[in-house]
There are 2 protein chains.
Amino acid sequence: MNAISDTVAEVLETAARAARAAAAQLARADRPSKDQALLHAAAALRARQAAILEANAEDLTHASGLSAAFRDRLTLTPERIDAMAAGLEQVAALPDPVGRTLAEWDRPNGLRIQRVAQPIGVIGMIFESRPNVTADAAALCLKAGSAVLLRGGSESARSAAAIRDCVAAGLRAAGLPEAAVQMAPTQDRAFVGAMLRAAGLIDLIIPRGGKGLVTRVMEEARVPVLAHAEGLNHTYVHAAADPAMARTVLANAKMRRTGVCGATETLLIDAAIAPALLPLLVGDLRALGCDFRADARTRAILPELAEAAEGDFATEWLDAVLNIAVVDGMEAALAHIRRFGSEHTDAIVTSDAAAAEAFLAGIDSAVGLWNASTQFCDGGEFGFGAEIGIATGRLHARGPVGLEQLCTYRYRVLGTGQVRP
Amino acid sequence: MNAISDTVAEVLETAARAARAAAAQLARADRPSKDQALLHAAAALRARQAAILEANAEDLTHASGLSAAFRDRLTLTPERIDAMAAGLEQVAALPDPVGRTLAEWDRPNGLRIQRVAQPIGVIGMIFESRPNVTADAAALCLKAGSAVLLRGGSESARSAAAIRDCVAAGLRAAGLPEAAVQMAPTQDRAFVGAMLRAAGLIDLIIPRGGKGLVTRVMEEARVPVLAHAEGLNHTYVHAAADPAMARTVLANAKMRRTGVCGATETLLIDAAIAPALLPLLVGDLRALGCDFRADARTRAILPELAEAAEGDFATEWLDAVLNIAVVDGMEAALAHIRRFGSEHTDAIVTSDAAAAEAFLAGIDSAVGLWNASTQFCDGGEFGFGAEIGIATGRLHARGPVGLEQLCTYRYRVLGTGQVRP
């Protein structure tokens, strides 16, 4: 841990105080103002497409030495800019999460108590070089009534600044403070450290990126973190599974997109059904380009599969690789998941409702599914309209984080002169 | 920050792993088992009264050099033991917070999504030498399905151990794992540091005690913290306040109990009503033994009051002292609260509903009250049946923390073979 220079700490404090003042205004902004800001920002993104592409081209020039995948994530196109604008419009169309009455009750002494959704305040967003995250995060935080301080990867700095300018134009047009959405004023890496230690200035840090970034954030942060760590997800094909459903669901859970956090990494299959079904499941996946790491009992059925090292069952491949273990029923499956899983997303395929109930009660994952693909772990698929990530901690929110999860609450207590005895 | 010796870290890890295994069992325990454990523990407290008093007498012998207030908090009596037992019985009578369906909806593709309350896991409770907190915290965590590791002040170690033994007897009687409620196995102060850094072993730290303890916990913790920091609370007597109601509410808010976090520390009063009402308010409070720190405008009306230093308005007295400032209406009152308040509990007294609404919308306190005493900021008064503290952070929970707030949630997704397109 390096000491943070006074200058960087001052720069952060100035930005965070401006954000806090803006957050106080934003917390009281009505829905039309926030939506107007989002719609103006979307229009600005479309109107300034050429300038954004130019900034992006410059970013790409400086990133010439980086991998093709990295450059692809960094690259903007007219279509991608249009998709960002459409994303802002979608957030504008979502209901306002602030001010919802979450619960309301009366006390015997006549006090009425209301629990009301409230913005979090100032959110610090730390992410890698994906320019679109600038627009996504700005839109969600704005609609949730919180100010946001965005610190993206330095390779995308010019693109992100151009996008942020469009959001600022939207804020201005709606009469909202521009400081509600700010970029980190410096690319000094110490600024990230300063953000992580800004207790009292920043209310919540959301890291979005690879394991290294998230781990650093969780280790260093003195501010609450809504982290998105790994998804070591299982699909358990139970003895009473419908074979055709198991084939469809597993193929989707593993291969629809292998790089998403909801992808299945390990297949558990009951010994009773394995000899008949495993060859079909593996055949389907192999045809889709999947590779395998199999335990001894699996290899007794399919000797051609590569042997799994024990570490494999603890590996989030995020790739076309599937671990396979044969298990002796529910308790063994749950024990495997408790040992190797990451409490993210786990599914059972079975036609036996009691088995499904035992599975859902026995796991402690943010999302447990019965007869559905693990790839449904997604804010959009949950009906949230948009998401800022998947929370893997246990406090505040678990699973997909949409506008509602980006809020906190407070109480309103309405009396008629009550005093406490 | 001192290095933590390997031994202490190992001791913690052993305890926390046992707690985690117990938590997994407890999470699946049904309500009757948990209630049986609580009722047996209450019976054991009553049955072992003599032994508990003996342990407490020994604690008190070793604490002979400490202040009278400290010794009072440490002292147990037959009545206090009975109150602890009654507290356990009250928690047993509360509904089970685990497994409640918090929300449920269907998706167009036929998926049914359920958000279900779930235990937090392993809770680390760090508190000062108040033996009763052992019983309270054990009961609430147990009912909420979480294991708890209790680290109380060393001066109360013998009393706390005797109380914990009663809880352990209750757990045994109910067939639940004793490791669900553990005392810290060492009084080494480094153990607290080890708890605070036990990310992955402990899911949540709850500190309960003075400012020094809470500040240390918030600074050092790598584990999420549900902190209970200061309550610098205001009662704002608006120009349209009913004078009689203002007198009753303020006297209660300040003087019912001055040492609780919901006590009012500062009176704000509108200039329009101050000349007539201030002398009455001050007279009432003075008769109850209250002292004052007054701003210049207050002293223009009541010159005999002591002058407030600016720091006074930022001081949580927790004593029979009231800060007073005369303000020019709503915006000035809100500005004062934003500058000096701690976002804990603030109240307005007014007969003007629009003014009340502006106040409740303008503050960002965990609890805002209209025409009621700030001393209502309490889990019992909110109808929670019992509370483990008042949360002053912005994430997960704000205000009184009862059984519901001691839970997290997870999702159950019920399908019929759906795959994601």
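Predicted model: local features only at pLDDT ≥ 70, side-chain atom pairs only at ≥ 80, totals over all residues.
## How the two copies are related

Let's start with symmetry. Two copies of a chain are related by a rotation about an axis and a shift along it.

## The interface

On to the contact between the chains. On chain A, 69 residues are in contact with 69 residues of chain B. The copies meet through the same surface, because 100% of the interface residues of chain A are also interface residues in chain B.

The size of an interface is often given as the accessible area lost when the parts come together. For chain A and chain B that comes to about 5900 Å², with 48% of it on carbon and sulfur atoms. There are also 6 salt bridges between chain A and chain B. One of the salt bridges pairs the side chains of Arg420(A) and Glu381(B), at 3.3 Å from N to O.

## Aromatic rings across the chains

Over all chains, the structure has 14 aromatic pairs. Take Trp105(A) and Phe384(B): their ring centres are 6.1 Å apart and their planes sit at 40°, so this pair is tilted. Trp105(A) belongs to strand 1 (residues 101-106) of chain A, while Phe384(B) is in the loop between strand 12 (367-372) and strand 13 (389-391) of chain B, so the pair joins two chains. Phe384(B) is at 14% relative accessibility and counts as buried, because the cut-off is under 20%.

Another pair, Tyr411(A) with Phe382(B), is edge-to-face, at 4.9 Å centre to centre and 85° between the planes. This pair crosses between chains too: Tyr411(A) is in strand 15 (residues 407-418) of chain A, and Phe382(B) is in the loop between strand 12 and strand 13 of chain B. Tyr411(A) and Phe382(B) are both buried.

## Arginines over rings

Chain B also has charges sitting over rings. Arg115(B) lies over the face of Tyr409(B), 5.4 Å from the ring centre. Arg293(B) lies over the face of Trp317(B), at 5.2 Å from the ring centre.

How values were computed: Residues numbered from 1 in each chain as written. Chains lettered and ligands numbered in written order. Heavy atoms only, no water. Phe/Tyr/Trp six-rings, centres within 6.5 Å; stacked < 30°, edge-to-face > 60°. Helix = DSSP H or I, 4+ residues; strand = E, 2+ residues; numbered from the N terminus. Buried < 20%, exposed > 50% of the residue type's maximum accessible area, 1.4 Å probe, protein only. Lys NZ or Arg CZ within 6 Å of the ring centre and 35° of its normal. Contact = heavy atoms within 4.5 Å. Buried area = accessible area lost by both parts, 1.4 Å probe. Salt bridge = Lys/Arg side-chain N within 4 Å of Asp/Glu carboxyl O.
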